Amino acid sequence: MPIFRKSQNTPDGVDPGRLPRHIAIIMDGNGRWAQKRGLPRTAGHAAGAETFRTIANYCKEIGIEYLTVYAFSTENWRRPPEEVGAIMRLLGRYLDEALEDMERNRIRIVFFGDLEPLTPELRALCDRAHSASMRYSEAQANICLNYGGRDEITRAVRALARECAAGERDPESITEADISARLYSAGVPDPDLIIRPSGEIRTSNFLLWQSAYSEYYFTDVLWPDFSKEELNRAIASYQARSRRFGGV
């Protein structure tokens, strides 16, 4: 597990003593952002990639330990092939640039999702980015790629079922911790705050198990327009709430 250091750069209006440890973001609204400007949807994805770069570095700067982003879902394969191809090319370009800038940004990169359907070249880039970044301990960015919450839980249940079928464990002994340990997010604390830009108010199969007690922040701002100031507002909203986790 990384050993994170707290930052002294917490913005005004945000309590540095009550920062969410883990923020997750559904990066939504790229296509609509482009269409509003008469641009192809791919231009929105390119702008959204730059926003991710800005927000990831800002989270590290202010002391957020974990950032998880929904980059490409298991359902996104249903989009037009040219759009899927453009997203994958953008991801490859982002990873190439991340490898070049890695020593400056010092963010550990981890992937949640089934990478097998990706091209061999893109899988190799993901592996390189992950391996090269493992020496950093200041912040961690989890990129959900070909990820779906139901698929993740199904995989965890299958793994446990195989262990039971092999006689390695008693089904009655299975706990919530056993399931958590077999998710892509094993070892990562559950998100404290989940943010969804773009005006949509739904979870869209994102971190279904991990979000049981997460706080949500919804905004009409489209993801390419999501700013540091908007993130500060989300954190301030989170800090104004009382988290009781089912208690009084």
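User: On what basis are the features reported?

Analyst: In this predicted model, local features need pLDDT of at least 70 and side-chain atom pairs count only at pLDDT 80 or more, while totals for chains, interfaces and linings use all residues. Residues are numbered from 1 along each chain as its sequence is written, and side-chain values use heavy atoms, with hydrogens and water left out.

User: How many aromatic pairs does the structure hold?

Analyst: Rings of Phe, Tyr and Trp (its six-membered ring) pair if their centres lie within 6.5 Å; planes under 30 degrees apart count as stacked, over 60 as edge-to-face and the rest as tilted. The structure holds eight such pairs. One of them is the tilted pair of Phe52 and Tyr94, at 5.4 Å centre to centre and 55° between the planes. Phe52 lies in helix H2 and Tyr94 in helix H3, 42 residues apart; helices are DSSP runs (H or I, at least four residues) and strands likewise (E, at least two), numbered from the N terminus.

User: Is Phe52 buried or exposed?

Analyst: Buried means under 20% relative accessible area, exposed over 50%, partly exposed in between (1.4 Å probe, protein chains only). Phe52 is buried because its relative accessibility is 7%, and Tyr94 is buried at 13%.

User: What is the bridge partner of Ile195 in E6?

Analyst: Two strands pair if DSSP finds at least two bridges between them. E5 and E6 run parallel, joined by four bridges, and Tyr217 is the partner of Ile195 in E6. Strand E1 also pairs with E5 in the parallel sense, over three bridges, with Ile25 opposite Ile195.
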